[in-house]
Amino acid sequence: MSRIGVFVCHCGENISRTVDVEKVAAEVGRLFGVAYTCDYKYMCSDPGQNLLKKAVAEHKLEGIVVAACSPRMHEKTFRNAAKAAGVNPFLCEMANIREHCSWVHEDRDEATAKAIDIVGMMVERVKRNKKLQPITVPVTKKALVIGGGIAGIQTALDIADSGHQVVLVEREPSIGGHMAQLSETFPTLDCSQCIMTPKMVDVVNHPNITLHTYAEIEAVDGYIGNFQVKVRKKARSVDMAKCTGCGICMAKCPQKKIPNSFDKNLGFRPAIYVPFPQAVPNTPVIDRENCTYFKTGKCGVCQKVCGPGAVDYTQEDEIVVEQVGAVVVATGFQLYDIGPKPAGSPIEGYGEFGYGTIPDVIDGLTFERLASASGPTGGKIQRPSDGTEPKSVVFVQCVGSRAREKGISYCSKICCMYTAKHTMLYKHKVHDGQAYVFFMDARTPGKGYDEFWRRSIEEEEAVYIRGMVSRLYQKGDKIVVMGSDVHVGVQVEIEADLVVLATAVQPREGADTLAQKLGISYDKYHFYSEAHAKLRPVECATAGIYLAGACQGPKDIPDTVAQASAAAAKVMTLFSRNELEREPIVAKVNERFCVGCLACRKVCPYGAVEEKEIRDRSGNLIKVVAYVNPGVCGGCGTCQATCPSKSVELDGYTDEQIMAMIEAL
Amino acid sequence: MHVDKVKHDFEPKIVALVCTWCTYAGADLAGTSRMQYPPNVRVVKFPCTGRIDPVFILRAFQKGADGVLVSGCHPGDCHYMAGNFHARRRFAAFRKLLEFVGVDLSRLQFSWVSAAEGGKWVEMVTELTERVRQLGPLTEFRELELAEQWSGSTLTTPELKEAYQAI
C-alpha cells in the first residue's frame, strides 16, 4: 500500500493568511495511505526541498503531494526534487491551494475546508499514479525551410552556418520572394537588389543547403525530430546540371508576349524564362502552358539553340523524399487583389477603386516594379496605359486593410511606410510631380520610421489628406479621385494621372492547404498561429515546426529577418541534442480490449494512431487494433474519451485517477 | 470583487472540469489578481477538454456535486488543435441525454475561458454557484448512489471507507 507524504506550504503569508495550514496537514494526515505530513514556510526554497528529500528517505515515501501554488509555477521544481530523492517524478503532484484557494477566498474556515478537499483529491490521485519514464526520440539534424523569400533565406543561412544541413523549398523558379521585387527599402532607402541578391547567391553556394526551386511540398509525415517530407519538383524541362545559364534559349524563343508576373504583368517574357535577370538558380524553366512546343508540338527552337543540350521536353515531375528534424514555414504573403473577386477567395473585391478596370490604378507592388531599376521601365515612373510620366499621383492607404465589413479587420502594417517611401521615390524621379496620400491613420512604429514618414511630408512635400476615398472614375486621360478631408471638414477632388492603392497583406494562396499538410493551425485570415502570442512567437503549437516572416502576420523586412533568425535559433537549440526527451503523457492502447474500430484515429489531431495487426505464432491475422505512436502523440486524450470500448488510456490522466479525484470530493 | 458574508442554508458543491492550458491558467490568473469568488468550486485538471469523458460529469453528480462546470480553450485556440471541438460536439449530445434523464441543465455549464480571462472565470463560478444554490441540492442521483452501496451504511469515516475499498 502506498506511503504518501504531504507537504503543505505557507508560501510566506500568501497561503497561511487565509488557510490554516497546520489544520490542513493534520486533517490530511488522517487520510488513508498518508504516511507523513508537515508544513513549512517556503516549500520551494532550498531548505524546503531538502525537507522533502529528507522525509522521503526517513519515511520511505512512495508518493508526494505538495500543497502549494499552481503546478504551472513549481511542478517542475518539486518533480526534480522528488527525482533527486529517488522517487519517480510522476509520483509527485501539486495541490494548488494558493491561486485556487487562499488568494480567492477570504473566509478562513471555508478556505481551509476547501484546501483540505483539494489536497485530499490529489492524495487520491497520487495513489493511482504510475511510474512513468520520459520518452526519448532521436533527432535528425537536418531542417526543412518552406519558402525562399527573405525569411526563408535568412533562416536557411543561419541554420546552415551553424553546421547543419538545410533543405530549402521554393515554389517559384527562383528564390528571392517579394523582396527581390522591391526597388528600395524603408527607412534607409537601401536598394533591395543590392542587399538581397548576395544573400541569394550565398544560399545556392552554401555547402550545407540543398535548394529545390520550382518545387512544392507534397506531404509531411512524422513528428519533432523525425519528419518525412515529400517534395514535388515540378518539371523545369531544363536539365539543371547541363545548363550554363547563357540565356540564348530565352533570346531565341519565338514566344515573346507572355505577361511577366514578376513585373506585375507590366512587361513581357518568353515561354522559356527566368523570372528576373538576377535569378538564383539562373536556370530557365519552360512555362508549359504558353510554350508552342507543348501546345502544338511544333517549334523546339530552344532545344536546337541550346549548346550544352540542356533542354529536355520529356522531363517529368520528380518526388524527392527528405528526412528532416525540424520545419520552418516561411511562405510569406500576397497582396489582396481588389479587382474582380478572385476565384476561391472568400473576400469580395472592392470594385469602387477601379482596380482591374482602370489601367492607371495600380497596387503598391506594381509601383515598386515601376520604380525599380531592374523593372520593365528601367526605373522611370510611367503610366501603364500610355507610358507618360504622371505629374500627379494619388496614393490610397488602407485599401482592404482594417475593413471589418470586407472581412479583413487587421492592419497590414507595412503600407504606411511603403507609401511614404513611394512618395519619396516618386519625387526623386519626377521633381515637378505632386504626390497626394489619402490616409486613415499613419502607423510608423519602428526605428527611424516616424522620421522617415515626416521626411516624406516635410522634405518631399507629399500632401497627406486624412480621409477615405469615396469615389474614383476615369475622365479623359485623368482619374478623378473624390474624398473627404476630415481634418478640415471639406470634400476634396483631385485629378490624378496615376493612382496607387496600398492593398491589404494577405497570406499566400494555399496557406490553408499547406497548414493541413503540416498539421499546424491558422487564424480566420489563414495566417499561421504561433504557439503563444507573446512567449512563443516563432513556434507552432505542433512541436518541431517554426514560423518566420509574413506567413504569421503582416511584417516588414527587419521584423521578418529578426523572426527568421529566431526560428533558426530554435532549430539550432533542437539540433544541439542527439535525443529529445518528451513528457511521457501519451496514450496507450490496451490491445486485449481494443476492437479495432479506430474511432480514435478519426479524432486524433496529430495522426498518431496507426493500425497494428496482431498475429499468432504461425502468422495468421488475429485482429487489427489501434496503436498510438508515442513519438507523435501530443497527449490531449481525445482518443480516450472517444473510445467506445475504453481501451485507450492516457498516461497520467487515466480514468482511475480522474474518478478517484472526483470521488474524493 | 467582494463576497458578502451572508451564511446560506445550502452551500452547493461545484465540480469544475477544466483544461490545463486555458481555463486552469485563467483560474490561476484570477488567483494572482486576487479576485474573490465563492469557495464552492473544486477544480479537476485535464490536459484538454477533449479528454473529458461525459461519464466524469455523471460520476460527479452521483458523488455529490450539485453543479458541474466544463471549460476549455476558445474554439480555434486549442493547444491540441481540435480537442475542444470534439468536446463541444460530445457535450452537445450529452446535454440532450442529461435532459432526458431528468437533470436540470442549468446545473451543467460548458464554456470557454482563455488564460487571459480571469474575470470571466470568476463571473462564471459566481453565477453558477448562485444558480445552483437557487435550485437546491441535487438529490436524485445521490440517492441512487446510496442505494448502490452494499451495506446501506454511509461511509463517513476513513476507516469505513478503507474497509469498503479493501473489498
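Read along the sequence, chain B runs β-α-β-α-β-α-β-α-α-α. That gives chain B six helices and four strands, where helices (H or I, at least four residues) and strands (E, at least two) are DSSP runs numbered from the N terminus.

Before going on, the conventions. This is a predicted model, in which local features need pLDDT of at least 70 and side-chain atom pairs count only at pLDDT 80 or more, while totals for chains, interfaces and linings use all residues. Residues are numbered from 1 along each chain as its sequence is written, chains are lettered from A and ligands numbered from 1 in the order in which they are written, and side-chain values use heavy atoms, with hydrogens and water left out.

I will stay with chain B for a moment. Of its 167 residues, 51% count as buried; buried means under 20% relative accessible area, exposed means over 50%, and partly exposed is in between (1.4 Å probe, protein chains only). Contact means heavy atoms within 4.5 Å. Among the contacts in chain B between residues at least 6 apart in sequence, 80% join residues at least 24 apart. The chain exposes about 7,700 Å², and carbon and sulfur atoms supply 58% of it. Accessible areas come from the Shrake-Rupley method with a 1.4 Å probe, and for residues only the protein chains shown count as cover.

On that surface, B:L97, B:F100 and B:V101 make a nonpolar patch of about 350 Å². Patches are made of residues with over 30% relative accessible area and no salt bridge; like charges are joined within 9 Å, and nonpolar side chains (Val, Leu, Ile, Met, Phe, Trp, Tyr) within 5 Å. B:V101 is found in helix α3 of chain B, residues 83-101. Its relative accessible area is 48%, so B:V101 is partly exposed.

Next, the interface. 48 residues of chain B are in contact with 44 residues of chain A. The two chains bury about 4,300 Å² between them, 58% of it on carbon and sulfur atoms; buried area here is the accessible area (1.4 Å probe) that two parts lose on being put together, summed over both. B:R42, B:R51 and B:M81 supply 16% of the area that chain B buries against chain A, more than any other three residues. Five salt bridges are found across this interface, a salt bridge being a side-chain nitrogen of Lys or Arg within 4 Å of a carboxyl oxygen of Asp or Glu. B:R42 forms a salt bridge with A:D117, with the closest N and O atoms 2.8 Å apart.

Which residues have the most contacts inside the largest nonpolar core? They are A:V119, A:V499 and B:L17, in a core of 195 residues. Helix α5 of chain A, residues 108-128, contributes the largest share of this core, nine residues. Apart from it lies another core, of 24 residues, among them A:V169, A:V329, A:A511 and A:A515. A nonpolar core is a set of buried Ala, Val, Leu, Ile, Met, Phe, Trp, Tyr and Cys residues joined through side-chain atoms within 4.5 Å. Not counting residues up to four places away in sequence, A:V119 touches A:V6, A:V24, A:V28, A:V65, A:A67, A:A95 and A:I97.

Side chains of opposite charge can pair when their charged atoms come close. A:K127 is buried at 19% relative accessible area, and A:E124 is buried at 13%. A:E124 also forms a salt bridge with A:R128, again with the closest N and O atoms 3.1 Å apart. A:R128 is partly exposed, at 21%.

A second example is A:E458 with A:R454, at 3.7 Å from N to O. Both lie in helix α13 of chain A (residues 449-458), four residues apart, about one turn of the helix. A:E458 is exposed at 57%, whereas A:R454 is partly exposed at 40%. Elsewhere, A:E75, A:R79, A:E93 and A:R125 are joined into one network by salt bridges that share partners.

Last, a loop. A:S261 lies between β13 (258-259) and β14 (268-269) of chain A, and at 52% relative accessibility A:S261 counts as exposed. The C-alpha atoms of A:S261 and A:P275, 14 residues apart along the chain, are separated by 8.1 Å.
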